[in-house]
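This briefing concerns aromatic contacts, nonpolar cores and disulfide bonding in one protein model. Please consult the sequence and structure below alongside the text.

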Amino acid sequence: QVQLAESGGGLAQAGGSLRLSCAASARTFSMYAAGWFRQAPGKERELVAAVSPSGGNTKYAESVKERFTISRDNAKKSVYLQMNNLKPEDTAVYYCAAVWRGLLATVVVSAATLYDNWGQGTQVTVSS
C-alpha cells in the first residue's frame, strides 16, 4: 500500500496558475504509474492527466490539454500537476493516484478503476 499526500490546492482567479504536488511513501515509486483525477460536485471522478512510471509518456484529458502539465521526480517520489490558464470549470477536488506497474516503465494508466492507491484530495477553486 502506498500513501499519497497532495498539496498545493487553493483559490485562483481565472487565467491564473496553481501547482499541485503529490508525495508518495513507496520506496519503489519509480515502478508506479501515476495520475491526477478530479471530481466536481455532482459529477463523476474524471482523469485529468496520467504519467508512466518512467515519466516519459503522458496522457491528458482534452479539456486540459495545452494548459496543464503532469511531471514526476522519482528521486523525490513525487508527481506534479502544473495548471495554467485556469478556468472556473477546473474547480474540483483533485486526487493523486498510483498503481504498481513493475518493469512496465512506459505504461500510462488512464482508468480510475485500475488505480488502487489514492490521496485524500486537495480542493482547487477558480473564480471568474
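The points below are grouped by topic.

The model is predicted; local features require pLDDT of at least 70, side-chain atom pairs count only at pLDDT 80 or more, and totals for chains, interfaces and linings use all residues. Residues are numbered from 1 along each chain as its sequence is written, and side-chain values use heavy atoms, with hydrogens and water left out.

**Aromatic pairs**

- The whole structure contains 6 aromatic pairs, where rings of Phe, Tyr and Trp (its six-membered ring) pair if their centres lie within 6.5 Å, and planes under 30 degrees apart count as stacked, over 60 as edge-to-face and the rest as tilted.
- Phe 37 and Tyr 115 form an edge-to-face pair, because their ring centres are 5.3 Å apart and their planes stand at 75 degrees.
- Phe 37 belongs to strand β4 (residues 32-39) and Tyr 115 to the loop between β9 (92-100) and β10 (117-118), so this contact ties together parts 78 residues apart in sequence; strands are DSSP runs (E, at least two residues) numbered from the N terminus.
- Phe 37 and Tyr 115 are both buried, that is, under 20% relative accessible area, with exposed meaning over 50% and partly exposed in between (1.4 Å probe, protein chains only).
- The rings of Phe 37 and Trp 118 are tilted, with centres 5.1 Å apart and planes at 55 degrees.
- Trp 118 is partly exposed, at a relative accessible area of 25%, whereas Phe 37 counts as buried at 1%.
- Ring pairs join Phe 37, Tyr 95, Tyr 115 and Trp 118 into a cluster.

**Charges over rings**

- The charged end of Arg 19 sits over the ring of Tyr 80, 4.1 Å from its centre; the criterion is NZ of Lys or CZ of Arg within 6 Å of the ring centre and within 35 degrees of the ring normal.
- Trp 118 has Arg 45 over its face, 4.7 Å from the ring centre.

**Nonpolar cores**

- In the largest nonpolar core, of 31 residues, Trp 36, Leu 81, Met 83 and Tyr 94 touch the most other members; a core is a set of buried Ala, Val, Leu, Ile, Met, Phe, Trp, Tyr and Cys residues joined through side-chain atoms within 4.5 Å.
- A second, separate core of 8 residues includes Ala 33, Ala 50, Val 109 and Tyr 115.

**Disulfide**

- Cys 22 and Cys 96 are joined by a disulfide with an S to S distance of 2.1 Å, the cut-off being cysteine sulfur atoms within 2.5 Å.
- The link of Cys 22 and Cys 96 is left-handed, with -80 degrees about the S-S bond.
- Cys 22 lies in strand β3 and Cys 96 in strand β9, so the pair ties together parts 74 residues apart in sequence.

Conventions:
Helix = DSSP H or I, 4+ residues; strand = E, 2+ residues; numbered from the N terminus.
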